[in-house]
Amino acid sequence: MAEPQAQSRLTYDYVTRTIARTLGTPTRGYFVLLGSAVALLGVGIITLLYLIRYGLGLAGYSHPVYWAVFITCFVFWVGIAHSGTLISAILFLFRSGWRTAVYRTAEAMTVFAVMTAGLFPLIHIGRQWYFYWLIPYPNERGLWPNFKSPLIWDEFAIGTYFTVSTVFLIMGLIPDIAAVRDLATGWRKKLYAITSIGWTGANEQWRHYTRGYLYLAALATPLVLSVHSVVSWDFAMAIVPGWHATLFAPYFVAGAIYSGVGMVITLLVPIRKLFGLEEIITVHHFENLAKLCLLTGSIVSFSYLTENFVAWFSGNPAERAAFWYRAFGPYWWASWTMNICNGLLPWLLWSKKVRTNITALFVISIFVNIGMWFERYVIIVVSLAGEPYTTWTNAVYNPTWADWGIMAGSFGWFFMWFLLFVKNFPAVSISEVKEVLAPPRSKVSKARA
Amino acid sequence: MNVLLKPFTEIFRPPPTPGVLGVFAFLDNTLDAIKKLRAAGHTDFTVYSPIPRHEIEDALGQAVSPVRMFTLIGGLAGCAVGAWLTLWMSYDWPLVVGGKPVGSVPPYVVIMFEMTILFGALSTILGILFNAAFAARRVGTIQYDARFTNDRFGVFVPAGSDKAAAAEKLLRDAGAEEVRRG
Amino acid sequence: MSNSVDRRRFLKVLGTAGAGAAAVSACGIGPEPTERLIPYLIQPEDQIPGTATYYATTCRECAAGCGLRVRVREGRAVKLEGNPDSPINRGRLCARGQAGLQGLYNPDRVAHPLVRNARGTFEAIDWDGAIQRLAAKVRESQGKGIVFLTGAEQSSFGDVVDEWMRQVGGRHQSYEAFGFEALRAGNRMAFGTGTLPRYDFANAKYILSFGADFLDTWLSPVEFQNGFSRAHAFDAGRPASMSKFVYVGPRLSLTGMNADEWIAARPGSEGMLALAMAQVILTQHLARLPTPPDASRLSSLLAGYSPRAVATATGIEESVIVRLAREFASSAGGLAVAGGMATQGPNGAQNVAAVNILNYTAGSVGTLVKFGADLALGSTNAFGDLTALMAEMTAGKVALLFVHGTNPAHSLPGAFQQALGKVAYKVSFASYLDETASACDLILPDHHPLEQWGDSRPRAGVTALQQPVVQPVFDTRPTGDVILKLSGKTGTFQDYLQAKWRTRHAANFDQYWMESLEQGGIYAEPPARPVRLAADVSKISPAPPATAPEQNQDVIVFPHANLHDGRGANKPWLQELPDAVSKIAWHSWVEVHPDTAAKWGLATGDFLVLESQFGGEKFPAWITRSVRPDVLAVPTGQGHTAYGRYAKDRSANAFALLGAQANAYGGRNFLVAAQAKKTGEHRKIVTTEGGPRELGLGTTEVLPLAKAKALHPGDHPFHYEETPEYAKDAVEWWGERQHEKAELGNYKGEQPRWGLAIDLAKCTGCSACVTACYAENNVATVGEELMQRGREMAWLRLERYWRTDESGNPQGAVNQPMLCQQCGSAPCEPVCPVYAAYHTPDGLNGQVYNRCVGTRYCSNNCPYKVRTFNWYNYAERDGQFEAFPEPLSMLLNPDVTVREKGVMEKCTFCVQRIRGAQNQARLENRNVRDGDIVTACQQTCPSEAIVFGDLNDRNSRVFELAGNPRGYHVLAGLNTKPAVTYLARVVSHG
Amino acid sequence: MYCHYSAAVSSEPGIPSLQTCLGCHQVIGGSTPSHQAEIKKVRDAWRERKAPEWIRIHALPGFVRFPHMRHIKALGTQACVTCHGDVQKMTQVSQVSTLRMGWCVRCHIKNNVTRDCSVCHY
């Protein structure tokens, strides 16, 4: 790892204590946030109970729009998840030093986003109480699921992704928990003593740990790419014009990372402020995130162009109709929201001024999230509503309180976990931040003295 | 300190190892100490550091961790499980969908891939735990200092009362800011 | 009858079993609840549990008298089908006939006698008490005026009523909201006979309809539609033949949209057009059929009607008139019929007479228009008689009024109610609490026609028998019995009926009776009676009525194809069935031409208040080019103020716009002048019509007649070839490999491949198949609110695509029934995670309801969008959207699962019928024969457009049709390999 | 097959009418007192013209079709025992087999007949 510029104040001790401070007694504001998150979750739960009792009819579905806000949210959250693993695994393999300060937050976000996403397939099915029929378990009837169905691929992809990203997060945490353990007192000391499973930083531990971490990263990298590809195949495998495109896998992966990075920024800005981590999470880090955003955003907008070009160039009347409907049909507002937020907004990031302006980045990141949500809305709802094969099925789709209720619940669920995490575990990696600092050397210190 | 390592001391209650613990403030001094120890023929000493440093690994001249074998085997096993799951379950009750073959491999590749990753990752974790926690000799029985996870390096040299003095001296010379015996 | 009581309870248990099971398993957990089974005391010898028995009877939904075969399971009537023996409907049935079942098990039937008490509300009363009370009333009001008002009754029941009325010095009078006064009057004018002839559509070579909607509401729709499709279909028996069909009228009705050409003449001017054509034929001696010698007498009359003279009045160019005349006469088999709007204006009778003359000059009278049948359709009394009666009532000259089988309070809102108020005592025999009944003092609920004996004489020679097929559902009594009791006669109406029939055939009567019962009546060819022109034929002058003054609009009130005069409004099947033309369901509408709409700034769904001098109502606008710009059109049927939960307070009653005065020929004017005002209100209309996105994907194919004739066997004009030459072999080889790998387990060996062939040249869009499908497959009706959100559950829908001329005006429509195509390589199957959608060995797209978890992926991936989803539990007892409230649940088909909430459902080619036939075949140690299996849609289709069978059986009809040059698959380009073959529509351009 | 006469020709075995019961139990009075008591109930019911309420033991969910006649056609009348157990020997009828899907399917596999879903589910 390259020896980075020696930041005078940033000693190992400083890093440890600054980050450990984030675990101090929560303020009132924290509890307000947590409370509102739980409240949102409550809304979601009540809505779900209604859906189970009376049926999905409470949501806005109408023939032929059989997938809508729920699946939109599913893809949205899966997308959010991706940047985490990207930053923690892929950038780790690329040995890019700047990731160390931000990857923990991103990774936690990944885990909780996948947890959120995973709920939607269960919520959106017609008979939620039979969700377990999708799992290949030996049963009295001797029936198995259909492994040709992209939904089953999904199940395996999401399941794997959740498991792997969780253990990846925990692995990264262990040395830090140990560090916190050695500072903590009272019940927390006990908690960390157990959760750090006896980490001491002995050379034997580091030896296996670093190796293992490397391989985990190596496994997580293809995984993260596969997961959103599989999600995209839910659509690409179908014959619906606007879904049935080979472009979808890369297009979705890029979109996912784009939205994920957006969400990382959205989360980091307040954390940095509240926990006073300006020294550790610097503008330099944000600028790098912004660059990532710019890159993936450009890929996304390029995909938009490709989609429309191919639709026109193929000469396939159905394809053409679908994309015409998308741009100028009754849902034009959704499409153009998506085009502006994802197609044009990233271009602002060409300017260093914007990239290095935290407020600007925060605002942009919010719009990135909105834009990406609408991208999924457009792909799912609008493609189905304007399904050009059947000239006779009319679509009148409007979300209802049930759709919004579940969506609100998902945000509550996500932020509840995230808030609990940042207060109880180091939201910035202690050991890895140290790794990019100059190690204490007697010569250096002598010179200083 | 024992409190901290309770979970492990409880699993296997080995007797505490007698030896000398040196606490270092600086990396170079630590490396220096390692070199001296190896020169002096010590093999089984333990080095603590808050972060992994290649210098230390090099100085210790460790072999590459066997964890990779776990990853490899786990991955292969996962792939096999994926293949068995999909194909056997398809043929167990043959149902034709969309005019496709009952057991058609291309869609099953996805499952196989995911299983590869899943099993690979899990067995890697097991590998780390097994090697780091269990295979690591005498873990939990040797001296430790809370500062090692913060900003101090440490070297523990197992030594009976006879050799202890020599080890102590060696560490001091290397520039340990504190040396303890236990 | 303790027996029948127990039996009813037993039926109730069974009736709930299906729905109940679904409701219980709604959470899918736990065993079925312990059912208690009440057995018969005495096993009815004619029933085998689990096996359907069929009884022949007669449909009484309209006066056409179609024969029925009722499918009865465990004493419940579960399906109505046409009786093949009946010469009228030849085993076919219309949507209204299918829905008769929902009349029988209607939850809003009057369950027991009701009497109006002092407080003015109804209270229950026992039969004996009610009859005593009535007997007293009859005694005291004798001489003070007693009138018995029925619907069209050419039957023994009618005779009973007549006899009784004679006995008590009363009067029997009948009333139909849509009588056929004009036809009778017109025939009288032209030929001096007030009877209705038979129209031989089947042998017509050229059909010209002056507003006569013979496919939906005119006289005997099923019979005519069957005949029409024989004449008008391509290759229907007669090699490469197809009669052209021209429709003359101000709007396109269901009948009109099947026309090859639409002549939008000014309303009321049809007669002049007919005479002009007659004039051309006569003067140019075009008639190819022998014309009677006295035709020459017409020349003086026709002189005044040269094409040029009438061109402006009719709005039809001279050249067109001449062309039509030529085509009509030269076809040597031209049949012109007048009805609908042409006969419902002030000059309706004149128009009929004019059309008669056209037929006469072309020589069609006596060949295609056969008098002597004396169709007993419509009312024997004219509308004038009813207005007279109303006058008497208002004058207090009627002390006692009986109403049976008609609902004038709805078709004459206000007027009749007022008159009714003046009648001392009013008795209704209605089965439902309709507007008239709820204004009566005593209600003696009649049995439903399916519960009682009876007969009807739709035409000379044909007497259709009617027998009870189920035990009474409620505590009702046959009105016949009640009348006999009141008139002090012994025996039941059944005895009366048999006695009557005995007179017809005394010798070994019992055998004769049994035979008649089996074939549903006695059928004989009616005697043909030649007619000559009436003496004063020259007096005919079909001058069109003065057009509405400036600020007013001509408004047409036409009978709704499904609800007719409103009698269908209490049957959810008919309410949910989209109108064949507008595709609107559950509410009324007003048809407005785009130009008019533009003038008023009107959008579809905006409310329009129509104020005629008689009354006003507001209707949501449906903007369409299928109506003349200077005309607004409104359907009847909705706007009930009573008549049960499905009908009450739904939209507006179009009858309110009409006057209660009889016109010159004793008919009623359905063409009124009204002021149209925009209210500013708006509603989302409940329509199944989709966006206008016709993408030339080959959904519907149309062939001009010449082109169709040029086709040879083996041609494939619509064949779709995607794989390029060089790739062919490779693709085929690969396909075979794939297929081999799919032949395991159940899929090994010879298997049938069920398929369907639908001839678009025959399909008229009448939608009978849709209702039949609802009835056969327990498809839930979801109601107005959900249907507005596009959640109707129809497995089979009719897509109506206009055929427009170069200026974009519709010339007619192509109707395409769209149902599950049972694709060979179906997109819906591989995406289902639990194999709920899968391919059966016999080539169906199986849908396993109890395995479905409801991901709805299959529907997303279905290019035909024929899968529907259970958004709610429509079988839930007392649920908000319950589709089968007691006792409606008794018509559920026990062979079909009642789907619960959260599962996908779709057409499976009536798999229950397939399995049933296979089981039967196995019992008889044979294979299933072609024709053993008949799907519900095929069975009912009046134009015989649908054929089902095994595509792997080289001798099956469907195999032959699948190879027809006109055959094509919808969206073949997607390589879904559908099992449904459509035969292209053929259009005759003269 | 006298009581459930339709089982061999129809998908439903049907519930025997009370008359059918009396067909035998007019003469057969039962040997043990308990039998006599039970049979008395039937006779009383007939006398009072009031059908007794049977409690259903063998019930399949609403979405399963079991055509009795085809099974009897293939396996003969003695095959009733396979599902219903030896009812003749039962003093009180009880359900001997699970009648669950797996149970049906195993039998279908054993006898090498189709286990296509749409044979029973539609």
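Reply: A salt bridge here is a side-chain nitrogen of Lys or Arg within 4 Å of a carboxyl oxygen of Asp or Glu. The model is predicted, and a search of the whole structure finds 80 salt bridges over all chains.

One of them is in chain A, where the side chains of Asp13(A) and Arg17(A) meet with 2.8 Å from N to O. Both residues belong to helix 1 (residues 12-21) of chain A; they are four residues apart, which means a separation of about one helical turn. Asp13(A) is partly exposed, at 23% relative accessibility, and Arg17(A) is also partly exposed, at 44%.

In chain C, Lys370(C) and Asp200(C) form a salt bridge at 3.6 Å, N to O. Lys370(C) lies in strand 14 (residues 369-370), while Asp200(C) is in the loop between strand 9 (198-199) and strand 10 (206-210), so this pair ties together parts of chain C that are 170 residues apart in sequence. Lys370(C) has a relative accessible area of 26% and is partly exposed; Asp200(C), at 17%, counts as buried because the cut-off for buried is under 20%.

Another salt bridge in chain C joins Asp630(C) to Arg628(C), at 2.9 Å from N to O. Asp630(C) is partly exposed, with 30% relative accessibility, whereas Arg628(C) is buried at 13%.

Chain B holds a network: Asp145(B), Arg147(B), Asp151(B), Arg152(B), Glu177(B), Glu178(B) and Arg180(B) are joined by salt bridges that share partners.

Between chain D and chain B, the count is zero salt bridges.

Key. Residues numbered from 1 in each chain as written. Chains lettered and ligands numbered in written order. Predicted model: local features only at pLDDT ≥ 70, side-chain atom pairs only at ≥ 80, totals over all residues. Heavy atoms only, no water. Helix = DSSP H or I, 4+ residues; strand = E, 2+ residues; numbered from the N terminus. Buried < 20%, exposed > 50% of the residue type's maximum accessible area, 1.4 Å probe, protein only.
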